[in-house]
Amino acid sequence: MSITLLPRGTGPRPAPAPSSPAPERQSIVRVEDLVGGPPALLAEHVTKRFVVGRERRAVDAVRDVSLTVERGRIYGVLGANGSGKSTLIRLVSTLLTIDSGRVEVFGHDIERDEMAVKRCINRVSVDAAFFKKLSPYENLAFAARLYGLDAGEARREAARILGRLGIAEKRLGQPTEQLSRGMQQKVAIARALLTSPMLLLLDEPTTGLDPRSKVDVQVFIEDLRDTHRAAIVLTTHDLDEADRLCDRIAVLDGGRVVVDGTPDELKARVAAERGQPPTLESVFMTYTGRSLDEDVEEPESDEGRP
Ligand SMILES: Nc1ncnc2c1ncn2[C@@H]1O[C@H](COP(=O)(O)OP(=O)(O)O)[C@@H](O)[C@H]1O
Ligand SMILES: [Mg+2]
């Protein structure tokens, strides 16, 4: 797979000398390419509107969202229920189309170059589905075949990933439905890793897990960033999780990014500018005007939802 380095709008481009008739060299290597190329994810002014119900009410699920995620980083998208987190993830993973704005994954435009984007990413949602009667190993083997991996290679890779997850050998053969939710979530993430995605989209990977499983999955995600050098977008409504795992955070409210930065920057900012305690709780309260547990008002009708 080749990664096309598209020219980016940022940074100075070498301007052709006006008086120089010398042939322009096509193979100019730009500094930004040498230091790592395009970001794993670049979203600019992304907007998505749903029209719901008989009265065709418009819901602006994602509004003018811009963010950049670099390789080897965990980018947290923090927001209450209904704030637009899953919609944003679905847009990036090409499950939904954007209304306006631009998204690039490793320099590939998601509309013009959808196949290349799909090859770079994988998504795990909170309600990941399995063949429940099949073992984790069989689920991974099935996924590997779908992804077109060579059988032998898939077997080795599945064993390696499941081993790293700390799933005991004897569990590998047992029906997935008999595993704890935390374990199942790890298997879901492991399955997404089979394609070695360079950008991994984790939509509330720890929601609904017991505290112990939650920590296990969190440690696993950190480990992924550090060993796999994947870029990870992680949605959560757990402030401690965001604080602990994320290199940067964007807080979503009503589909908009109301504030973003590193956890330390955000905490320092809320303390300096607003005289609030330096915690993510107060960051959230200050910039959204609500507590994280309050749900954003849901549309009355669910018509039109998949
Ligand atoms: N397929 C859809 N059709 C209509 N409305 C939707 C659809 N998906 C999400 N929404 C609405 O968009 C808003 C954001 O939802 P969502 O992205 O699921 O938020 P979150 O993941 O943060 O809970 C909500 O008001 C939700 O009801
Ligand atoms: Mg969601």
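A residue is buried if 20 or more other C-beta atoms lie within 10 Å of its own, exposed if 12 or fewer, and partly exposed in between, with C-beta atoms placed from the backbone. The model is predicted, and its local features need pLDDT of at least 70, side-chain atom pairs count only at pLDDT 80 or more, and totals for chains, interfaces and linings use all residues. Residues are numbered from 1 along each chain as its sequence is written, and chains are lettered from A and ligands numbered from 1 in the order in which they are written.

**Figure 1. Overview of the protein chain.** The secondary structure comes to ten helices and ten strands (DSSP runs numbered from the N terminus: helices are H or I with at least four residues, strands are E with at least two). Of the 306 residues, 39% are buried. Among contacts between residues at least 6 apart in sequence, 69% join residues at least 24 apart (contact: C-beta atoms, placed from the backbone, within 7 Å).

**Figure 2. Helix α7, residues 211-228.** The buried residues of α7 are K214, D216, V217, Q218, I221 and R225. These residues pack against β3 (74-78), α6, β7 (199-203), β8 (231-236) and α8 (239-245). At 1.5 Å a residue, the 18 residues of α7 should span 26 Å, and the end C-alpha atoms are 25 Å apart, which agrees (expected span: 1.5 Å times one less than the number of residues). R229 follows α7 and has a positive phi, near 55 degrees.

**Figure 3. Packing of helix α4 (residues 136-146) on helix α6 (residues 181-193).** The two helices pack at an angle of about 25 degrees, with their axes 10 Å apart (axes are lines fitted to C-alpha atoms over the stretch in contact; angles run from 0 to 180 degrees between N-to-C directions). That makes α4 roughly parallel to α6 (angles under 35 degrees; over 145 is roughly antiparallel, 65 to 115 roughly perpendicular, the rest oblique). P136, N139, L140 and A143 in α4 meet V187, A190 and R191 in α6. By class, this contact has five nonpolar, one polar and one charged residues (nonpolar: Ala, Val, Leu, Ile, Met, Phe, Trp, Tyr, Cys and Pro; charged: Asp, Glu, Lys and Arg; polar: the others, Gly among them).

**Figure 4. Positive phi at T94 and F106.** Most residues other than glycine have a negative phi. T94, in the loop between α2 (85-92) and β4 (100-105), has phi near 65 degrees. With 18 C-beta neighbours inside 10 Å, T94 counts as partly exposed. F106 lies in the loop between β4 and β5 (108-109), and its phi is about 50 degrees. F106 counts as buried, with 24 C-beta neighbours inside 10 Å.

Conventions
Two residues are in contact if their C-beta atoms, placed from the backbone, lie within 7 Å.
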